[in-house]
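Okay, thanks everyone, let's get going.

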Amino acid sequence: MSHKAGFVNIIGNPNVGKSTLMNAFVGERLSIITSKAQTTRHRILGIVNGDDFQVILSDTPGIIKPAYEMQESMMNFVKSAFEDADILIYMVEIGEQDLKDEAFFNKIIHAQIPILLLLNKIDTSDQLQLEEQVAYWTAKVPNAEIFPISALQNFNVKEVFNRILDLLPESPAYYPKDQLTDKPERFFVNETIREKILLHYKKEIPYSVEIETEEFFEDENIIRIRALIMVERDTQKGIIIGHKGEALKRVGVEARADLEKFFGKQIHIEMYVKVNKNWRSNTNMLKRFGYNQ
C-alpha cells in the first residue's frame, strides 16, 4: 500500500483562525487561541497520522509589518513556511481585504504548489456576503481552491482535510507515527502560561512577556515545573504579580489545570517574575527564547 506524507503550512493575517484550524485538525490544543492579535510567535508543527498518511501541519504567526526585532523574527518563521510547503493554506476571514504584506501576497499568487484558500468565520455572515466574498477571492487568487469554513464550529474542516489527503505527495513518514508535534514539553508549558497572561492582562503587558521553563522534572505520577516570566519594566512586574500575589496565583492555577489535561498527570508549578529591559530587541535574548534561529 502506498503512503503519503507532506508539509501543509498555514499562513494569513493575525486573528483569522489559523491556530483554531490546526488544533481542529490535530485534535489537541497545540497553538494558543485568544481574541488578541499576535498570539502565535513561533512556527508550530502539529502532526496527524493515519495508516497510509502523515500530514505535518505548520501554524505560523499572523503576517504583520514588523516594529521591532522579535517581530522580524516572527516574520522569518512565515517566510520559511513558503520554502518547505507541499501544500499552502492561505486563511482569510469574512470581510477581510488582502494580506498586510504585499510581498507575501505575491508569493501566494505565483506559488507552484497547491493553494487552498480558506474563507473562515462564515458563521458570522449571510449567504449574499458569502457569495460576494467567494467571487472576490476567486478573482484575487485565481490559482487557489476556495473552501468556506468555520474552524471554530468545525464546519467544512473535514472536507478541507480530505482535500489535503488527495493533494499529498507519495512519501514515507517524516516523523515517528506516534509523534504529535516537533516541540518539546517545555514549549507547551511556556505557551500555556503565556496564554493565561494574554487572557488576563491588558495593553502592552502580554506582548512584553516571555516565558522560560527552567525546570521540568517528571516522575511517575507528578511533573514539577519551575517557570520564569520575563517582562521589560519594573511596573510590568508589579502588574503581573498583583496585590498580594493574587494575579500571578490565578495564572498559576489556570495554567496548572490545562497542563494536567495536556500531560495527563498531576502538575506542581512554581513561577517567578524577572525584569530584563528591552529583551524583545536584544539579539542574544531572542536566540535564547528560540527566535532568530
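This is a predicted model: local features need pLDDT of at least 70, side-chain atom pairs count only at pLDDT 80 or more; totals for chains, interfaces and linings use all residues.

Residues are numbered from 1 along each chain as its sequence is written, and side-chain values use heavy atoms, with hydrogens and water left out.

The protein has 9 helices and 9 strands; helices are DSSP runs of H or I with at least four residues, strands are runs of E with at least two, and both are numbered from the N terminus. Of the 293 residues, 51% are buried. Buried here is under 20% relative accessible area, exposed is over 50%, and partly exposed is in between, with a 1.4 Å probe and protein chains only. If you take contacts between residues at least 6 apart in sequence, 72% of them join residues at least 24 apart, and a contact means heavy atoms within 4.5 Å.

Now the helices. In α3, residues 102-109, you'll find Phe104, Phe105 and Ile108 buried. Those residues span an arc of only 100° around the axis, so they sit on the same side of α3; that arc is taken from the directions from the helix axis to the C-beta atoms.

Next, α1 (18-26) packs against α5 (157-167) at about 75°, axes 11 Å apart. Axes are lines fitted to C-alpha atoms, for helices over the stretch in contact, and angles run from 0 to 180 degrees between N-to-C directions. That angle makes α1 roughly perpendicular to α5, because 65 to 115 degrees gets that label, while under 35 is roughly parallel, over 145 roughly antiparallel and the rest oblique. Who meets whom? On the α1 side it's Leu21, Ala24 and Phe25, and on the α5 side Val157, Val160, Phe161 and Ile164. The residues of that contact come out as 7 nonpolar, no polar and no charged. Nonpolar is Ala, Val, Leu, Ile, Met, Phe, Trp, Tyr, Cys and Pro; charged is Asp, Glu, Lys and Arg; the others, Gly among them, are polar.

On to the sheet. It's open, with 3 strands in the order β7-β8-β9 and mixed pairing; strands pair if DSSP finds at least two bridges between them. β7 (210-218) and β9 (266-275) are the edge strands, and neighbouring strands are turned by 20° against each other on average, direction ignored. β8, residues 222-231, pairs with β9 in the parallel sense over 10 bridges, and isoleucine 225 stands opposite isoleucine 269 in β9. Helix α7 (234-241) packs on this sheet, touching β8 and β9, whereas α8 (246-263) lies across β7, β8 and β9 at about 140° to β9.

Is methionine 91 buried or exposed? It's buried, at 0% relative accessible area, and its place is in strand β4, residues 87-93. Its C-alpha is 4.8 Å from that of leucine 118, 27 residues away in sequence. Beyond neighbours within four places in sequence, methionine 91 contacts residues including Ile10, Leu21, Asn120 and Ile149.

Then serine 171, in the loop between α5 and α6 (185-200). Serine 171 counts as buried at 13% relative accessibility, and, again leaving aside neighbours within four places in sequence, it is in contact with His3, Lys4 and Ala5.
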